[in-house]
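Visitor: I am new to this structure. Please take me through its disulfides, one part at a time.

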Amino acid sequence: MSTSLPLSILRWLRPGRRDVSANTGLVLGFIASFAFAGESAVSLMAAGMPADCAEYAANVTQSEGSFGSISPAVNGTRCYGAFQFCDSGTLQSYWSGSTEDFLASPSAQVAAWEKYENNQWVQANRLGLAGMVGQQVCYNGTCAVISQSSILKACQFGCGKGGKLYNLMQSGLDCSAPGTKDGAGTSVCSYLISGAGYNVSCITNSNDGVDCLPVEGGTKSE
C-alpha cells in the first residue's frame, strides 16, 4: 500500500466505502501497519450480536476496532466504534444520536452493523455479486473458496456498481485487474480470502455450506 498518509491513520477510515461518494478525498478501508484487538465473539454476543454471526463479526472487528475506538481525523472525518462507522455519511445513516452515545452503547453499534450488512447483502444480490460464492479466488499465493461471508467482508469496499468488488466480478476474478484495489494498494481479493468460511446466516438467511473451510496455500500469484 502506497500513500502519503500514515497507514496507521488510513486504516481507520471505514466501514462503508460508500463514504467516498460523500467525500472523494477519503481513502477508506486500509489495513494498518498495526492492528487493534477488536472485539471477541463473546463480547459481541453480550451486545446483542446473533450467535450465528458472532465469529464473523469478530473477524471484521480485527480489521476495524473496538467498541470505544475513535479514528484520527482525516479530511475532517472520524470513524467510530467496533465497526468504524464514519461521520461523513455512514454513521448518520445508521445512528441518529450523538457520537458519544454511539460509543457508549455496544448494542447500538451491533444493531447499526446488522442493518448495514443487510443492506450490503441486498445490494450484492441485486448486482449479481453473490453469484461468486463457490468460486475460488487466489491472491499472493493464498487461495480460498468464496463464501457469503467473503462477499460481505469485501463489501467493506462497498458493494455498489463500479466498486472494487464489482470490478473484480467483471474481470472474471482477476485480482490484478484495474479498479480492484483501493488508493493504498489493498486488494479486495485479500478481503474475500480473509473473510471466507464464516457463518453469516443472521444476515443472508441461508447457509452456503462452506463454513469453516480452511484457506489453502497455493502457487498461483496475482
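**A hairpin and its cross-links**

Guide: Start at the hairpin of β3 and β4: it has 2 residues between the strands, and Asn140 takes a positive phi near 50° there. This is a predicted model, where local features need pLDDT of at least 70, side-chain atom pairs count only at pLDDT 80 or more, and totals for chains, interfaces and linings use all residues. Residues are numbered from 1 along each chain as its sequence is written, and side-chain values use heavy atoms, with hydrogens and water left out.

Strands β3 (residues 136-139) and β4 (residues 142-145) run antiparallel, joined by 4 bridges. Two strands pair if DSSP finds at least two bridges between them. Helices (H or I, at least four residues) and strands (E, at least two) are DSSP runs, numbered from the N terminus.

Cys138 stands opposite Cys143 in β4. A disulfide joins Cys138 to Cys143, S to S 2.0 Å. The term covers a pair of cysteine sulfur atoms within 2.5 Å. This link is right-handed, with 110° about the S-S bond. Both Cys138 and Cys143 are buried. Buried means under 20% relative accessible area, exposed over 50%, partly exposed in between (1.4 Å probe, protein chains only).

Now look beyond the hairpin. By the sulfur rule, the count comes to 5 disulfides. Cys53 and Cys202 form one of them, with sulfur atoms 2.0 Å apart. That pair links distant parts of the chain: Cys53 is in helix α3 (residues 51-62), Cys202 in helix α10 (residues 201-204), 149 residues apart. The link of Cys53 and Cys202 is left-handed, with -115° about the S-S bond.
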